[in-house]
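Good morning, and thank you for joining.

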Amino acid sequence: MASCVLAALGAALTVALLHVPPAAAAQKPPTAAEVERLTERFLEGLREPATRGGGGVGVGGDDPPTEKDPPLLSKNGIAVALYGAPQLTATAVGKRSPQGAGRKLRKQARAYARRTDRPVTRSINLIGVIATATSGGDGKYRARQADSVIRTYLKRARAVGGRLTLDIQPGRSPIIRELRALKRWIELPDVDVGIDPEWNVGRKGVPGRDDGSIRHKELNRASRWIEKLVDAEDLPPKAVIVHQFREGSVRGRRKIKQRDGARVLLNFDGIGSRGAKRAGYKNLAQPGLLDGFSLFYDRDSKLLSPRGVLRLRPKVDYAMYQ
């Protein structure tokens, strides 16, 4: 009995030693004005006239997917993703051009394909709704990504044989409202959804000051909405990537429903040493759901190799590089 207690305390201490976002790690979100300014700068810098200002290209981009394209998450496969936004220059996506992000994703995915027989899929995980430190025009403390930006990264993802995930940092806005705002993109067959509970701060919270969370009821409502869209449009199953870095990030996790058309995955976002991250990942895994693991190029103490990720237990279904 004493050994079990000591083991539990050790695991809890290990998890506590992780560096975690957002407010606790001085990860300050941009203001609404900064997002607008950086978006304009990004669009001005694009060298592809077809994507500038949203003109000349349909919602789906130039290279529509084919029926042979696999879903992001499969029973025996592993997905490799690159995360961020061009407005957030500290992220893996933000420090590179769209073309550079595509090349980096392809290279990172190949590192896994060389070390496993499991099918490897690719995704650019673009923050489609950015949490902001200021309230913005409607008081929701979030900025929606411009269609021109989404279109640009969808095109890049398709160019490297991958998919696009639109990540939602809702601020004070209900997640279901942000899903509806992104519907024209989510109803495409190669676009998945991400949800960042730590930026889900409720009606009175402020991103960067208050740590958010998500309850199982809100998450189940979101996945049900996605599955209904999948069924209505006869789409392949979509991934629902849910970020977590502490026990309280996802509340009532045992009541989260796994759906055929909306496959829920809990992605561990802890930053720290290899040992601490392994313990945190194992501690926050939930049986019946899929499992993801974040790797931070510049912030982890020592980046875990693809071979090390593939050896994690429970097995990793989704490796996200930030």
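Helix α2 passes helix α4 in a left-handed crossing, a term that applies when the near helix is turned anticlockwise from the far one by less than a right angle. Helices here are DSSP runs of H or I of at least four residues, and strands are E runs of at least two, numbered from the N terminus. This is a predicted model, in which local features need pLDDT of at least 70 and side-chain atom pairs pLDDT 80 or more, while totals for chains, interfaces and linings use all residues. Residues are numbered from 1 along each chain as its sequence is written, and side-chain values use heavy atoms, without hydrogens and water.

The axes of α2, residues 32-45, and α4, residues 147-159, come within 10 Å and cross at roughly 50°; axes are lines fitted to C-alpha atoms over the stretch in contact, with angles from 0 to 180 degrees between N-to-C directions. Thr39, Phe42 and Leu43 of α2 meet Ser148, Val149, Thr152 and Tyr153 of α4, contact being heavy atoms within 4.5 Å.

Is leucine 72 buried or exposed? Leucine 72 is buried, at a relative accessible area of 2%; buried means under 20%, exposed over 50%, and partly exposed in between, with a 1.4 Å probe and protein chains only. Beyond four places in sequence, leucine 72 touches residues including Ala79, Thr121, Asp192 and Tyr318.
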